[in-house]
Amino acid sequence: MFKVIIYAGLSITFDEAKEILNTSEGVEVIYKRPIQRGDLGQAIKEHPDIIGIIDGVFHQNSAVGHKEILNVMKNGIQVFGASSMGALRASELDTLGMHGIGYVYKQYASGEVDSDDDVAVMLDSDTLEALSEPLINMKYVFTNAVSENVITKEEKDELLSIAKKTFYPKRNYSQTLSSSSLDNETKEKLIDFIRISPDIKKEDAKSLLTCIKNLVENNVNVLD
């Protein structure tokens, strides 16, 4: 039996994730809540072949440590990261064997982003629903808005400056736009653009799950 453990629930819901990667013949997929310090010690005891880290805690509890991930990989377990805590840790450990996937990972790996604040959100601890907007998503949307001539580069810089200065639990599009100097027509156009823009953290999570799905299918076929 090929076993996969995925830490998620915030960037992508468990139901959405299972539509891409789920338990099937010869494969057991276990979904767990956002990872925190100490979780990987228990995960090793479950003898997984692959661990995927999407979401993790930053401030509520201690974040998963680098040594924990390195210890997992030393035990022959492949570790993938994307979207949030996974992207952050993958950018720090990719030269040591952790696999990073997606836009957010590349932002960290390139040095374009260097703070965990960029992916941090306030969440409902019971439902794992995000109650604020991650800065990395806002940066992605505003940058695309410049490319589509919805806003100017100067307006993007102003919006990102406002968002960056806002404590992450209170960060959202409404507050950012209302604090800006954008005129009402531009705000309305930008709001329409935001509504049709993808959630890049979720898209990265989907990419990670798809990547692992392909690896799992290849391994199961080999075993067959």
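Two strands pair if DSSP finds at least two bridges between them. Strand 1 and strand 3 meet that rule, pairing in the parallel sense over four bridges. Helices (H or I, at least four residues) and strands (E, at least two) are DSSP runs, numbered from the N terminus. This is a predicted model: local features need pLDDT of at least 70, side-chain atom pairs count only at pLDDT 80 or more, and totals for chains, interfaces and linings use all residues. Residues are numbered from 1 along each chain as its sequence is written, and side-chain values use heavy atoms, with hydrogens and water left out.

- Five strands form an open sheet in the order 2-1-3-4-5, with parallel pairing.
- Strand 2 (27-32) and strand 5 (99-101) are the edge strands, and each pairs on one side only.
- From one strand to the next, the twist averages 20°. Axes are lines fitted to C-alpha atoms, for helices over the stretch in contact, and angles run from 0 to 180 degrees between N-to-C directions.
- Strand 4 (residues 78-82) runs parallel to strand 5, joined by three bridges. Ala82 has Ile101 of strand 5 as its bridge partner.
- Helix 4 (residues 85-93) packs on the sheet and touches strand 3 (50-53), strand 4 and strand 5. Contact here means heavy atoms within 4.5 Å. The direction of helix 4 makes about 120° with that of strand 4.

**Strand 1**

- Six of the six residues of strand 1 (residues 2-7) are buried. Buried means under 20% relative accessible area, exposed over 50%, and partly exposed in between (1.4 Å probe, protein chains only).
- In a regular strand the side chains alternate between the two faces of the sheet. In strand 1, Phe2, Val4 and Ile6 are buried on one side, and Lys3, Ile5 and Tyr7 on the other.
- Six bridges join strand 1 to strand 2, and the two run parallel.
- Tyr7 has a bridge partner in each neighbour: Lys32 in strand 2 and Ile53 in strand 3.

**Helix 9**

- Thr186, Lys187, Leu190, Phe193 and Ile194 are buried in helix 9. They lie on the same side of the helix because they cover an arc of only 125° around the axis. The arc is that of the directions from the helix axis to the C-beta atoms.
- Asn184, Glu185, Glu188, Arg195 and Ile196 are exposed on the other side.
- The cover over the buried residues includes helix 6 (135-147), helix 7 (153-165) and helix 8 (173-178).
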